[in-house]
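This briefing describes a single protein chain for a reader who has its sequence and coordinates at hand. Please consult the following structure alongside the notes.

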Amino acid sequence: MHSTTTIEGTTARITPHGVIDFTTLPGLRASRAALPSEITAVTWDLRDIVFMDVAGLHLLTEHLSENGHPRRWIVAVAGLAAQPERLLRMAAEAFPAMGFGRLLTGPPREQVS
C-alpha cells in the first residue's frame with residue numbers, strides 16, 4: 001500500500017492510495033505508528049480509496065503508537081468516496097458506541113443506480 005503523509009505542526013494527514021483491506025492494513029498501521037510523538041491529530045484523506053472493507057473501520061478506530069502503546073489522537077476523515085462513506089454510515093448505524101458517526105460530516109450522498 002502506497003500512502004503519502006504530510007505533517008503541519010501537530011497535525012498529520014495520511015493519504016492512502018488504492019484499497020483498504022486486510023492486505024494493505026499493516027502498511028497503513030505502520031504509517032500511522034511512525035508519526036512523531038508530538039502529533040495530536042490525524043486526518044485520513046480517503047479521496048484515492050476506491051474500496052474499503054472492515055479493515056478500514058479497524059484502522060479508523062485504533063490508536064496505537066509504534067511500540068503498540070495507546071495514543072490519544074483526534075481522528076478525522078476527508079475525501080470520502082461513495083463506497084467508503086456507505087460503509088462508515090452502516091457501521092455508525094450498527095455500532096453507535098464505536099464513534100463512526102463522528103467521522104461523517106453532512107448528509108449522505110445521493111446514490112447512483
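What does the accessible surface of the chain come to, and what percentage of that surface belongs to carbon and sulfur atoms? The accessible surface is about 6,500 Å², and 58% of that area belongs to carbon and sulfur atoms; accessible areas come from the Shrake-Rupley method with a 1.4 Å probe, and for residues only the protein chains shown count as cover. The model is predicted: local features need pLDDT of at least 70, side-chain atom pairs count only at pLDDT 80 or more, and totals for chains, interfaces and linings use all residues. Residues are numbered from 1 along each chain as its sequence is written, and side-chain values use heavy atoms, with hydrogens and water left out.

**Overall architecture**

- The chain has 3 helices and 5 strands, where helices (H or I, at least four residues) and strands (E, at least two) are DSSP runs numbered from the N terminus.
- Read from the N terminus, the order of elements is β-β-α-β-β-α-β-α.
- Of the 113 residues of the chain, 40% count as buried; buried means under 20% relative accessible area, exposed over 50%, and partly exposed in between (1.4 Å probe, protein chains only).
- Among contacts (heavy atoms within 4.5 Å) between residues at least 6 apart in sequence, 69% join residues at least 24 apart.

**Salt bridges**

- The structure holds 5 salt bridges, each defined as a side-chain nitrogen of Lys or Arg within 4 Å of a carboxyl oxygen of Asp or Glu.
- In general, side chains of opposite charge can pair when their charged atoms come close.
- Asp45 and Arg13 form a salt bridge through their side chains, with an N to O distance of 3.0 Å. Asp45 lies in strand S3 (residues 41-45) and Arg13 in strand S2 (residues 11-20), so this pair ties together parts that are 32 residues apart in sequence.
- Asp45 counts as buried, at 3% relative accessibility, whereas Arg13 counts as partly exposed, at 33%.
- Arg13 and Asp45 also belong, together with Arg47, to a network of salt bridges.
- Arg89 and Glu85 meet in a salt bridge of 3.0 Å, N to O. Both residues lie in helix H3 (residues 82-94), 4 residues apart, which is about one turn of the helix.
- Within this pair, Arg89 counts as partly exposed, at 23% relative accessibility, and Glu85 counts as buried, at 6%.

**Surroundings of Glu62**

- A salt bridge joins Glu62 to Arg29, with the closest N and O atoms 2.6 Å apart. Glu62 lies in the loop between helix H2 (54-61) and strand S5 (74-78) and Arg29 in helix H1 (residues 25-33), so the pair ties together parts that are 33 residues apart in sequence.
- Glu62 counts as buried because its relative accessibility is 18%, while Arg29 counts as partly exposed at 31%.
- The side chain of Glu62 also makes a polar contact, at 3.5 Å, with the side chain of Arg32. A polar contact is a pair of N or O atoms within 3.5 Å; within protein, one must be able to donate a hydrogen and the other to accept it, and residues adjacent in sequence count only if both atoms are side-chain atoms.
- Not counting residues up to four places away in sequence, Glu62 touches Arg29 and Arg32.

**Helix H3**

- At 1.5 Å a residue, the 13 residues of H3 should span 18 Å, and the end C-alpha atoms are 18 Å apart, which agrees; the expected span is 1.5 Å times one less than the number of residues.
- The buried residues of H3 are Pro84, Glu85, Leu87, Leu88, Ala91 and Ala92. Viewed down the axis of H3, these buried residues fall within an arc of 160°, so they line one face of the helix; the arc is that of the directions from the helix axis to the C-beta atoms.
- Cover for the buried residues of H3 includes strand S4 (49-52) and H2.
- Exposed residues Met90, Glu93 and Ala94 are carried on the face of H3 turned away from its buried side.

**Position of Thr11**

- Thr11 is found in strand S2 and, at 34% relative accessibility, counts as partly exposed.
- Leaving aside neighbours within four places in sequence, Thr11 is in contact with Thr6, Ile39 and Ala41.
- The C-alpha atoms of Thr11 and Val75 are separated by 9.9 Å, and these residues are 64 residues apart along the chain.
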